[in-house]
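Trainee: Before we use any structural term here, please tell me what it rests on, and then let us set the values against it.

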Amino acid sequence: MNPHEWPRTWQPSRRDFLRSALVAAGAVTAGGVLSSCSSSLDPNTVTLGSRLSDKNSKVGVEDFVAMYRQQTGGDIRVNTVDSTSFQENVNNYLQGTPDDVFTWMGGYRMKYFADKGLVEDVSNVWASNGGGYSDSFKENSTGSDGNQYLIPFFYYPWAVFYRPSLWAERGYEPPKTYDQWVALNKQMQADNITPIGFGARDGWPPMGTFDYLNLRLNGVDFHRTLLAGDVSWTDNRVRTVFDTWREILPFHQPQPLGRKIADAQTALLNKSVGSLVAGMFVAQSFPAGPERDDLDFFPFPELDSAIGSSAVEAPMDGFMMRADPRNRPAAEKLLTFLTGPEPAVAYAKQDPQAIPAHRDADLSDFPALVRKSAELVQNAGEITQFFDRDTRPDFASIVMIPALQQFIGNPNDVDGLVRSIERQKSAVFGT
């Protein structure tokens, strides 16, 4: 997920809007930032383009690469680019000379490149080795034509994170319903604790709160059709989401538009906030050992008993193969290797946000938080990918990031907000 910063008062001209949409989709990019490894074709070597660029992630990649070399006798040449640059340049990358295999995301972002013919169908790998994945992971690896284009590797669920030691000291209990959550937040305020950490400067983090409110109020089908552009944003069900969000905004850290998500995570670490709606990446802000062991979560509370709280946001990352790979046998060999549970386990031991996607992954040596996260997803009624993975990237970044920031800055004009979103959505989706 890319950070984006837009002035809240900015209003695009049609020319600016269309150009910005192309940038968000990856069509207008800075040349030369992302390119494939250049080497003569070696039948035993496959090239891998990776956006897993932070320190822990790179070590995790090194570990499964070493495992691949040892087990297969083959070799992988890794081309690592920071995640933001990778995403901003991926469209040009795939239309140029990309690596044989590259890291990417499930859901709409996978389908986008499959529909463009920029990636290869890997259904043959799935047919022989895909039995270790849930139906939901298969669904989020499947293109519009019914074929699979992605090999799942890891995921990270979103939930409400908290520090058990602080809660035990204050006598707080994890809420199950919205009313219980509101009552708990009021108690935290009475105890001079800011109930919910919040950082909206990056743009995308508020999407997690919007998604969960929408899922709990309107269900998974509405979430998907809304983000597919098939439902008007002026629909009363959307207004209800924003109205409910407005009710709980006073429980959040003040002035969130000037705060990054990393700062909100630090506030949770320092116990200056009582909770944080976030993904498992919050664990990366907690030092391994006693601090990270004092991190827990509860599912986003239920708002409607008829809908329940079993839907879970769990963005999934995996591997795709470029169209017409230069070394197809080696690429398929690598993807087949990656369908086993061991490579993802090796990677996840280094990256504290990552939960191996394979159902047979041995998590017995992992912290309790990881095992609980896996159980949450395994028992989920439905799995969604996250707002900016379940919709067009240009709509998410050009329309919704400034719209959500506008709402956070002025939550009292929901009517004007949803009308503005609907007008811009029509320009993006062509409806």
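Mentor: Two strands pair if DSSP finds at least two bridges between them, and both strands (E, at least two residues) and helices (H or I, at least four) are DSSP runs, numbered from the N terminus. This is a predicted model, in which local features need pLDDT of at least 70 and side-chain atom pairs count only at pLDDT 80 or more, whereas totals for chains, interfaces and linings use all residues. Residues are numbered from 1 along each chain as its sequence is written, and side-chain values use heavy atoms, with hydrogens and water left out.

Trainee: What joins strand 4 to strand 10?

Mentor: Strand 4 (residues 151–155) and strand 10 run antiparallel and are joined by four bridges, so they meet the definition of a pair. Pro 152, for instance, stands opposite Gly 318 in strand 10. Both strands belong to an open sheet of six strands with mixed pairing, in the order 2-1-3-10-4-11, whose edge strands, strand 2 (75–80) and strand 11 (355–356), each pair on one side only.

Trainee: Why is one side of strand 6 and of strand 8 left without a neighbour in the sheet?

Mentor: The sheet in question is open and mixed, with four strands in the order 6-7-5-8. Strand 6 (194–197) and strand 8 (296–298) stand at its edges and have a single partner strand each, so one side of each has no neighbour in the sheet. On average, and with direction ignored, neighbouring strands here are turned by 30° against each other. Strand 6 pairs with strand 7 (residues 273–279) in the parallel sense over three bridges, and Thr 194 stands opposite Val 273 in strand 7.

Trainee: How do you know how Phe 242 and Trp 245 are arranged, and why is the pair named as it is?

Mentor: Rings of Phe, Tyr and Trp (its six-membered ring) pair if their centres lie within 6.5 Å, and planes under 30 degrees apart count as stacked, over 60 as edge-to-face and the rest as tilted. The centres of Phe 242 and Trp 245 are 6.4 Å apart and their planes stand at 10°, so the pair is stacked. Both residues lie in helix 11 (residues 236–248), three residues apart, about one turn of the helix.

Trainee: What describes the packing of helix 2 and helix 15?

Mentor: Helix 2 (residues 55–72) and helix 15 (residues 341–348) have axes 7 Å apart, at an angle of about 150°, where axes are lines fitted to C-alpha atoms over the stretch in contact and angles run from 0 to 180 degrees between N-to-C directions. Their contact (heavy atoms within 4.5 Å) includes Phe 64 and Met 67 of helix 2 and Pro 343 and Tyr 347 of helix 15.
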